[in-house]
Amino acid sequence: MNKHQDKILVTQPTLPDLQQYQKLLQQIWDNKWLTNNGPFHQEFEKKLADYLGVPYVSLFSNGTIALMVALKALDIQGEVITTPYTFVATSHSLLWNNNTPVFADVDPVYGNLSPAAVEKHITDKTTAIMPVHVYGNPVDVAGFEQLAKKYNLKIIYDAAHAFGVQQKGKSILNYGDLSILSFHATKTFNTVEGGAIISHDLATKKQIDYLKNFGFENETSVVTLGINGKMNELIAAFGLLQLEHIDSDIAKRQKVADWYRKALSGIKGIRFLDDMPNVRHNYSYFPIFVEPEYPLTRDELYEKLKVNDIYGRRYFYPLVSEFPMYQNLPTATKENLPVAHRLAEQVICLPMYATLNENSIQRIIKLIS
Ligand SMILES: Cc1ncc(COP(=O)(O)O)c(C=O)c1O
């Protein structure tokens, strides 16, 4: 191992220009409005809605609180069918709201929750479905819409990975009842920590905005059991600047994905994901799946990369259904989730960020090939 090589981490955040940010901070210092729907918060909500092509955005301090509030806003009770192949916040939000997570299996290519698998788990206690656009790849929204209609269910999309993703020219966030976003530092679009709920009518947005501010409707009346999920002015100003370079970041990430795909295409036993037709992707992650024909196991390849200072991540291993608070649920078995288990055993997300250069990718590919 060459000790002088740079470490390559799975991701690296893009930051706003510091001088530009200082100018906005100066405005905050001058007007002394730090939180509670200040001018930057208002501007960021509007500009985000325009950028994303959605009717209403409610900003949050992070995506997890956004998920919890989304469930409250729709008054979801009982069983909610979701995926085990995700970050643990998806199902934690269900447990925090006293819902029962029901796990269904995923599709073998993209790892997204499968409508056919979901349908098998629908009972008279089912109230909602919570699919995740894993890695930012859209789930089968038409399939879930049909299920929702047929069984009268709500759909909350965990779109934490899907910032800016469009299908047939339309934002993927416009499907279902609500969608949530995460702007965590590791995401394609980041505000250090942050998140949002996308809603489709003003009454729902208002309800969400009360919920994220303790339930206050006005100075003196509390109309619902709220929490504190507000985004502050320092973060909203940061987010406004991040919006200015998101398109160029996504274009750079696309180039990284193209380099990877070209270099990996001849390697037996390494599977990667192609772009979906009619989808504008955001290239959040670059997962590869280490299949049995490859000479090393997934973990051997993962360790080999690591000792050479390449830090991939095994998203999503272990499956959420393996964690102690979920493993005794009736649907948390390997027999119920064979595809999710297989993908969790095969996946490595390779480093992916806008400034990853071709030399670094060659260094990574050399170790894989
Ligand atoms: C799929 C998914 N859902 C929810 C979250 C939670 O978002 P946050 O970290 O902003 O709370 C994340 C990421 O962190 C995620 O990857």
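Which residues in helix 12 are buried? I will come to that after a word on the whole chain. This is a predicted model, so please take everything that follows as computed from it.

The chain has twelve helices and 13 strands. With 369 residues, a compact globule would have a radius of gyration near 21 Å, and the chain agrees, because its own value is 21 Å. Along the principal axes, the C-alpha trace spans about 65 × 55 × 40 Å. Of the 369 residues, 56% count as buried. Among contacts with a separation of 6 or more, 70% come from residues 24 or more positions apart. The chain exposes about 16800 Å², and carbon and sulfur atoms supply 52% of that area.

Now back to the opening question. Helix 12 covers residues 358-368, and the buried ones are Ser-360, Ile-361, Arg-363, Ile-364, Ile-365, Leu-367 and Ile-368. On the spacing: an α-helix has 3.6 residues a turn, so residues three or four places apart point the same way. What do the buried residues of helix 12 pack against? Two of the partners are helices, namely helix 9 (246-264) and helix 10 (298-307). The others are strand 10 (270-272), strand 12 (286-290) and strand 13 (347-350). At the start of helix 12, a side-chain oxygen of Asn-357 comes to within 3.2 Å of the backbone nitrogen of Asn-359.

Next, Thr-188. This residue sits in the loop between strand 8 (178-182) and strand 9 (195-199). Is Thr-188 buried or exposed? Thr-188 counts as buried because its relative accessible area is 8%, and the cut-off for buried is under 20%. Leaving out residues up to four places away in sequence, Thr-188 touches Ile-246, Ile-250, Arg-253, Asn-282, Tyr-283 and Ser-284. With Ser-284 there is also a polar contact of 3.2 Å between the two side chains.

On to the backbone. One runs from Tyr-315 to Phe-316, with omega near 10 degrees. The other runs from Tyr-317 to Pro-318, with omega near -10 degrees. Phe-316 is in the loop between helix 10 and helix 11 (338-346), and Pro-318 is likewise found in the loop between helix 10 and helix 11.

Then there are two asparagines to look at. Asn-152 has a positive phi of about 55 degrees, although it is not a glycine. Asn-152 lies in the loop between helix 6 (141-151) and strand 5 (154-158), and it counts as exposed because its relative accessibility is 71%. Asn-278 also is not a glycine, and has a positive phi of about 60 degrees. Its place is in the loop between strand 10 and strand 11 (279-280). At 56% relative accessibility, Asn-278 counts as exposed too.

Last, the surface. Which residues make the nonpolar surface patch of about 260 Å²? They are Phe-214, Phe-216 and Val-222. Phe-216 lies in the loop between helix 7 (202-211) and helix 8 (233-244). With a relative accessible area of 34%, Phe-216 is partly exposed.

I will take questions now.

Definitions and conventions
Residues are numbered from 1 along each chain as its sequence is written. This is a predicted model: local features need pLDDT of at least 70, side-chain atom pairs count only at pLDDT 80 or more; totals for chains, interfaces and linings use all residues. Side-chain values use heavy atoms; hydrogens and water are left out. Patches are made of residues with over 30% relative accessible area and no salt bridge: like charges are joined within 9 Å, nonpolar side chains (Val, Leu, Ile, Met, Phe, Trp, Tyr) within 5 Å. Accessible areas come from the Shrake-Rupley method with a 1.4 Å probe; for residues, only the protein chains shown count as cover. A salt bridge is a side-chain nitrogen of Lys or Arg within 4 Å of a carboxyl oxygen of Asp or Glu. Helices (H or I, at least four residues) and strands (E, at least two) are DSSP runs, numbered from the N terminus. Buried means under 20% relative accessible area, exposed over 50%, partly exposed in between (1.4 Å probe, protein chains only). The radius of gyration is taken over C-alpha atoms; the globule rule is 2.2 Å times the number of residues to the power 0.38. Contact means heavy atoms within 4.5 Å. A polar contact is a pair of N or O atoms within 3.5 Å; within protein, one must be able to donate a hydrogen and the other to accept it, and residues adjacent in sequence count only if both atoms are side-chain atoms.
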